[in-house]
Amino acid sequence: MITVSIKWQKELFKGVELDMTQPPYVFKCQLFDLTGVPPERQKIMVKGGLLKDDADWSTLGVKAGQKLMMMGTADEIVKSPEKGTVFVEDLPEEEQVIAVGHTAGLFNLGNTCYMNSTLQCLHSVPELKSALIKYSHSGRSNDVDQTSHMLTIATRDLFNELDKSVKAVAPMQFWMVLRKKYPQFGQLHNGVFMQQDAEECWAQLLYTLSQSLRSPGSSENLDDAVKALFGIELSSRVHCQESSEESSETESVYSLKCHISHEVNHLHEGLKHGLKSELEKASPALGRSAIFLKESCINALPRYLTVQFVRFFWKRESNQKAKILRKVGYPLVLDVYDFCSDDLRKKLESPRQILRNEEGKKFGLKVTEKSSVDKESDAQMADAEGSSNGGGEPSVAPMEEGEKETQMTGIYDLVAVLTHKGRSADSGHYVGWVKQENGKWIEYDDDNPKPRVEDDITKLSGGGDWHMAYIIMYKARVVSV
C-alpha cells in the first residue's frame, strides 16, 4: 500500500491510498468517492498513456508520493430523497422476494438434498403451481387415496410458503407425508435417514400429482394437468428380425432418457440411443423367446420436457449403484424436431415458420410470407389435428381463462438442472439450478441460494467429481395463433 497525490481541476488531493494488489478500477472507485467523477469518465495519466481498468500496476512504475493528473466531470449532486431509504429487510416478506429476485431455500432435514433439489426444480413451473392452488382440501375424488391427497396438499402449501419467503423453509410436513406415501424414502442406516435417488423422488411426486390433479369424473387421458405439462407421448415400432413379426404401440412417459456410452458425447446422441432398445419376449411365430427391436419417436410434446441422464447402474461387484462420470454436453436451447414422428413434424412446420419470422423481425430480417397454398395446407392440418387430438394426448398444457391459444414449435429453452456430486446415487449431494423469470440463474444448494450465470450451467455436463447434470428440464417455445 502506497500513497499518491491526485490533481483534478483546481484541487489537489494528498495522501490518497493506492493498493497495488487491487485492479485500477478499485482505485477509480476511491476517486469517485473523493471527486464525484464516475470511473467510466475518469482519465488518469500514467506512464504510457491513460490508466486502464485492468492494467497491471507493476508495469506502470507508479511510486509513493507521485502526483497523478486526472480529468473528468463530476455528476450533479444528487438531491436527498423525499422519502427515507427503505432497506430490503424492512419490507414485507412478499416484497422482499421480489426485491431479492428469487424465492427461499429449503433446510436439509438429514440427507434430504435429493428431495429439496426436486422440489426447487418443480416449484419453478408456474402452471403446476396454478393447478395446485385450484386443488382444495375437500377436493379429493374417490379414486385418490388419502396419502396422495395429503401429499398434494403438502406440495401446494410448501410451494406457497416458498413464494412468500426469502428465509429458508423447513419442509417438515412435506417430508413426513412423502415418507408415509412412499416408505422407501424413510429408510434408516445406523439411525440416520439414508440418501435417496432424486429421479425416483421426482417420478413418484409427479405420478401422485397426476392422479390427484386430474379433474373429477374425467377419463384417463383428458383434463390431466400434469400429463399436459410433462407427459410425452411416444409411438413405437416393435419388430423381430428373425421372424419379421411387427407391432406398434403408444405410451405416455414423463421424461426422455439420455443413455450414456463411450459413443455419447452430446445430449442428442444419448436421446437417439434412449429411443431405441432391445426386448426379449415370446415370439408366437418362432414358438420361443426372441430379441425384438423397439424404435420410438415422439408423437405429442409437453409444455415442459424433462430428460434424465442415465448415469447410474447396478454394479454387482460392489453391490451398489455406480455412477457413469462421462461428460455429456447439453444445449441451452434444444430442438427435438428430429425425434418427432412424421405426423407431428407436419404439425410443427407452420408454428416453426411463425417463430422464425418473429425472431427474424427482432434482427430486422425480411420475413417469409405464407402463400395461399401454405395457408390452405395449414387449414387442412388444423382440421386433421383437431380430429386426431379428439381422443389422444393434449400436446400443450390446458389454457388459463383469457390465455391465447398456442402451438408447439419443438424448440425448448433450458429452465432447470438437477445435479449430483459424488460416485453413488445413494450418497453424494444433490443441488437444483433454476432459471428465474427475470432470466437469471439461481443455484439452490439446500438453504443457501446463490446467483449463477449461464456459463456455470453449461459446466455441469460431467467428466469429473464436480456437480453434473442428472435431470434437466426445458420449457417449450410456443407461438400464438
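**Aromatic pairs and charges over rings**

1. In this predicted model, F27 and W57 are both buried. The centres of their rings lie 5.8 Å apart and the planes meet at 80°, so the pair counts as edge-to-face. F27 belongs to helix α1 (residues 24-35), whereas W57 sits in the loop between β4 (49-50) and β5 (67-71), so the contact ties together parts that are 30 residues apart in sequence.

2. A stacked aromatic pair is formed by Y114 and F185, with 5.7 Å from centre to centre and 20° between the planes. Since Y114 is in helix α3 (residues 113-123) and F185 is in the loop between α6 (172-181) and β6 (188-189), this pair ties together parts that are 71 residues apart in sequence.

3. Are Y114 and F185 buried or exposed? Y114 has a relative accessible area of 1%, which is under 20%, so Y114 is buried. F185 is buried as well, with a relative accessible area of 1%. One aromatic cluster is formed by Y114, Y182 and F185.

4. For the model as a whole, the count comes to 8 aromatic pairs, including the edge-to-face pair of F27 and W57 and the stacked pair of Y114 and F185.

5. Charged side chains also lie over aromatic rings. The charged end of R179 is placed over the ring of W175, at 4.0 Å from the centre of that ring, and K281 lies over the face of F292, 4.8 Å from the ring centre.

Note on methods:
Residues are numbered from 1 along each chain as its sequence is written. This is a predicted model: local features need pLDDT of at least 70, side-chain atom pairs count only at pLDDT 80 or more; totals for chains, interfaces and linings use all residues. Side-chain values use heavy atoms; hydrogens and water are left out. Rings of Phe, Tyr and Trp (its six-membered ring) pair if their centres lie within 6.5 Å; planes under 30 degrees apart count as stacked, over 60 as edge-to-face and the rest as tilted. Helices (H or I, at least four residues) and strands (E, at least two) are DSSP runs, numbered from the N terminus. Buried means under 20% relative accessible area, exposed over 50%, partly exposed in between (1.4 Å probe, protein chains only). A charge sits over a ring if NZ of Lys or CZ of Arg is within 6 Å of the ring centre and within 35 degrees of the ring normal.
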